[in-house]
Amino acid sequence: MNASFVIMGLPASGKTTFLAALWHLIESEETDCRLTLDGYRGDLAYLNKISEAWRTFQKVPRTSHVGDMNVTINLRNRETGVRGMAYFPDLAGEVFDRQIVERRCRPEFLREVSEDDGILFFVSADVKEDNLSVVELNARLPDGDAIELGSGEADLGAEGNSSNPTHGREWEPKLLPAQVKIVQLLSDLLRPPFESRCRRLAVLISAWDLARDMELTPRQWLARHMPLVDQFLRANETSFRHEVYGVSAQGVDLEDTPAVDEAAKLMPSRRIQIAGPESDGNDLTVPLVWLMSAGQ
Ligand SMILES: Nc1nc2c(ncn2[C@@H]2O[C@H](COP(=O)(O)OP(=O)(O)OP(=O)(O)O)[C@@H](O)[C@H]2O)c(=O)[nH]1
Ligand SMILES: [Mg+2]
């Protein structure tokens, strides 16, 4: 069951925190997981550094600051005894932002996608204002009547722009809503140079602790907050066999001191929460098992 996973996700979508929590979970064996650790290859110092940060309620470093990391973790299925190797490339989210804007990708990504046994696609539940309609956005523009007519050249800033707040920020591709970017990244995989085939896709809604009070299933959350992504996936079932999980790898919002104090009383692995289509628990290996079960 050698498996290569492709990890995708915009900046700050929870990729590294997931890897940090996963490494702690399978290395410490504090709780039972479907997959157990059977060895590793790659930068152990990096894995230990991020999982140490995770254990001590520190933010894991942004991948753009430390550089992309590739790790290979050997795993064994506790129930079947089948051994396998899982390859996790931990890339900075900026790599995916660049793909959207520049319409180019790295050759390694092309190769990884052609060999992939499943994609882990991270989407943060901490999206603010991503699903505002044009009407709602327009309502936020300053009132046109408030323009100071006749203020003339005296009002021009250093770059020749008026300092009047009604001169909004110029649009640029990075201002696209997250769900538009996500659909672009997924639809890229349907066209050359990517090989067109049916892929398994686990959508991991990270920071699930922030969404839990909404009492939605992860799939309902996606439909409510990222309807474009939901519709895209439903319309492309033959290209993406997908499952949606809510993942709270960190367990709490690190800015929420009382919640952090409360979480610190727990065994670290118990902080992890994952809501899946079948059950909830703390076993982060469940989406990996699902991805690896292709063809069964
Ligand atoms: N509340 C909450 N926040 C989380 C959780 N997991 C990650 N975060 C926060 O989400 C932010 C991004 O997490 P990262 O794991 O660094 O995300 P990333 O996708 O690796 O980001 P890049 O390396 O920049 O691409 C950080 O501020 C985390 O603290 C979680 O389970 N709950
Ligand atoms: Mg990262």
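Which residue in β9 is the bridge partner of serine 248? In this predicted model, the bridge partner of serine 248 is glutamine 273. The pair belongs to the contact between strand β8, residues 240-248, and strand β9, residues 273-275, which run antiparallel and are joined over three bridges.

These two strands are part of an open sheet of six strands with mixed pairing, in the order β2-β6-β7-β8-β9-β10. At its edges are β2 (6-9) and β10 (280-281), each of which pairs on one side only. Strands of a sheet pair through backbone hydrogen bonds, in either the parallel or the antiparallel sense.

A further open sheet has four strands, ordered β1-β5-β4-β3, again with mixed pairing. Here β1 (3-4) and β3 (35-42) are the edge strands; each has a single partner strand, so one side of each lacks a neighbour in the sheet. The partner of β3 is β4 (residues 69-77), and the two pair in the antiparallel sense over seven bridges. Within this pairing, leucine 35 has asparagine 77 in β4 as its bridge partner.

The helices can be approached through one packed pair. Two packed helices are described by the angle between their axes and the distance between the axes. For helix α4 (residues 94-102) and helix α7 (residues 178-188), the angle is about 80 degrees and the axes are 10 Å apart. Because angles of 65 to 115 degrees count as roughly perpendicular, α4 is described as roughly perpendicular to α7. On the α4 side the contact involves Phe96, Gln99 and Ile100, which meet Lys181, Gln184, Leu185 and Asp188 in α7. By class, this contact has three nonpolar, two polar and two charged residues.

The next site is ligand 1. It is surrounded by 26 residues, of which Thr16, Thr17, Thr63, Gly93 and Gln250 are the closest. The elements that give two or more residues to this shell are α1 (15-28) and α3 (63-66). The largest share comes from α1, with three residues. Sorted by class, the shell around ligand 1 has twelve polar, nine nonpolar and five charged residues.

Confidence remains to be considered. The protein chain has a mean pLDDT of 85, and 88% of its residues reach 70 or more. Over residues 151-166, however, the pLDDT is below 50. In the model this stretch has 17 contacts beyond near neighbours in sequence.

Technical notes. Residues numbered from 1 in each chain as written. Chains lettered and ligands numbered in written order. Predicted model: local features only at pLDDT ≥ 70, side-chain atom pairs only at ≥ 80, totals over all residues. Near = placed C-beta within 6 Å. Nonpolar A, V, L, I, M, F, W, Y, C, P; charged D, E, K, R; others polar. pLDDT = per-residue confidence, 0-100. Contact = placed C-beta atoms within 7 Å. Axes fitted to C-alpha atoms, helices over the stretch in contact; angles between N-to-C directions. Parallel < 35°, antiparallel > 145°, perpendicular 65-115°, else oblique. Pairing = 2+ DSSP bridges.
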